[in-house]
Amino acid sequence: MPRPSLFFGCSFRAVPHLLLIVLAQTQASLGLGIGTVRYPGGSSIGVASLGPTLSYTAPTLTLNAGGTLAALPQGEWFLLGHSDGWFTTPPLSDGIRLGLEAGWTGSSRTAGMETEAPYAIGELLWAAPDWGVGVGAGASAGWNQGSSWVSALHTRARAWWHRAGTDWSASLEPTRFLGAWFTDVGAGATWHRGTVTASAWASARLSAAYGSKGAGSGFLQVFISPRTAFEVGAGSLLSDPYQGFPRTAFVTVGVRLVGARRAVRAVPPLAPLVPDRRGDSIVVRFRFTGARAVAIAGDWNEWRPVSLVAVGDEVWERALLVAPGTHRFNLLVDGEWVVPHGVATLADELGGLVALLVVP
């Protein structure tokens with residue numbers, strides 16, 4: 001369900017990990033700028049706008065909330081609010097887990113038009129540190145002032161993966177709406193390079209009953225200081241049948257002020273794991289109290305777990321052939337994915353963490 005907002009945000013996905021320190025954190029920001037506003041029956045460029053956002057991220061739970069208050073021509077005002085949450089269970093077996101996503105969007109305009117659109121989707125997920133797939137189903141609904149509530153069966157299949165510093169995603173969403181089907185297909189990529197984040201997204205709606213159409217968009221964010229970012233976006237959006245928002249082109253330009261992250265639990269700065277050398281191999285060692293089986297998997301072997309050997313005093317080790325460079329890895333301890341304590345980490349595509357290994 002597209003959000004008619006002046007500012008575009010990121011959706012964070014969380015993965016549970018065992019025996020690690022994860023920073024549950026809250027992030028707030030405020031956008032100031034101009035851009036396109038959609039409402040039932042049309043769209044308009046806002047004269048000025050405020051776009052606050054608030055996110056809470058923990059190992060298995062993510063909550064997001066935001067809004068836009070825009071001044072429109074002829075003295076009108078437009079208010080948009082949205083919220084969503086995402087929850088996953090711990091891994092049930094071989095990276096499989098259950099997830100639940102739910103959200104709400106609503107808008108109000110001084111001309112007297114109000115809208116609402118809630119949704120909820122349950123998913124079966126199969127996720128690794130740098131890729132994942134999910135299939136699920138749920139319900140979407142919507143209402144605008146002067147009309148009755150409408151609802152739809154909303155199904156979804158999606159995939160995401162990380163390659164060479166780029167996050168990729170694709171989705172297929174067949175929806176049964178008012179007695180007929182339409183299918184939304186989308187694919188996108190996001191690049192992170194230092195203080196710059198750029199993303200591109202293409203989507204299409206395929207339907208014999210409602211007609212087929214396409215849309216595409218791009219977004220660029222550049223941090224000009226640690227807490228100030230310049231944002232610009234442009235493209236087009238498919239119509240939102242739940243709230244009566246039309247298909248439209250859009251543009252956004254603004255500055256976002258980002259608050260400091262507040263960690264629930266503070267940890268000192270960590271360094272990547274630098275293993276010992278043994279001939280042409282490296283040797284990794286970890287200590288786990290009471291563990292029955294420990295394995296390591298990383299980007300050097302397509303994340304296939306390789307068993308470590310217990311060498312006494314609760315220490316597990318293994319000699320590996322790994323090319324020089326910086327690598328990402330996790331451990332599998334008694335069937336559960338683990339980020340080793342005391343090693344520098346990097347966020348993965350689900351909002352979880354992977355550990356860093358540097359081979360000289």
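## Rings, charges and a run of hairpins

The charged end of Arg 109 sits over the ring of Tyr 39, 3.9 Å from the ring centre. A charge counts as sitting over a ring when NZ of Lys or CZ of Arg is within 6 Å of the ring centre and within 35 degrees of the ring normal. This is a predicted model, in which local features need pLDDT of at least 70 and side-chain atom pairs count only at pLDDT 80 or more, while totals for chains, interfaces and linings use all residues. Residues are numbered from 1 along each chain as its sequence is written, and side-chain values use heavy atoms, with hydrogens and water left out.

Phe 182 is buried, at 4% relative accessible area. Buried means under 20%, exposed over 50%, and partly exposed in between (1.4 Å probe, protein chains only).

Now the ring pairs. A search of the whole structure gives six aromatic pairs. Rings of Phe, Tyr and Trp (its six-membered ring) pair if their centres lie within 6.5 Å; planes under 30 degrees apart are stacked, over 60 edge-to-face, and the rest tilted. Trp 143 and Trp 149 are stacked, with 6.3 Å between centres and 25 degrees between planes. Trp 143 is buried at 18% relative accessible area. Trp 149 is partly exposed at 47%.

Why is the pair of Phe 177 and Phe 182 edge-to-face? The planes of Phe 177 and Phe 182 stand at 65 degrees, with the centres 6.1 Å apart, so the pair falls in that class. Phe 177 is buried too, at 6% relative accessibility. Ring pairs extend the group: Phe 177, Phe 182, Tyr 210 and Tyr 242 are linked into a cluster.

Turn to the strands. Strands are DSSP runs of E, at least two residues, and helices runs of H or I, at least four; both are numbered from the N terminus. Two strands pair if DSSP finds at least two bridges between them. Strand 11 (residues 180-193) runs antiparallel to strand 12 (residues 196-206), joined by eleven bridges. Gly 186 is bridged to Ser 203 in strand 12. Two residues lie between the strands of this hairpin, where Gly 194 takes a positive phi near 65 degrees.

Strand 12 also pairs with strand 13 (residues 213-225), antiparallel, over ten bridges. Here Ala 200 has Gly 218 in strand 13 as its bridge partner. This hairpin has six residues between its strands, and Gly 211 in the turn has a positive phi of about 85 degrees.
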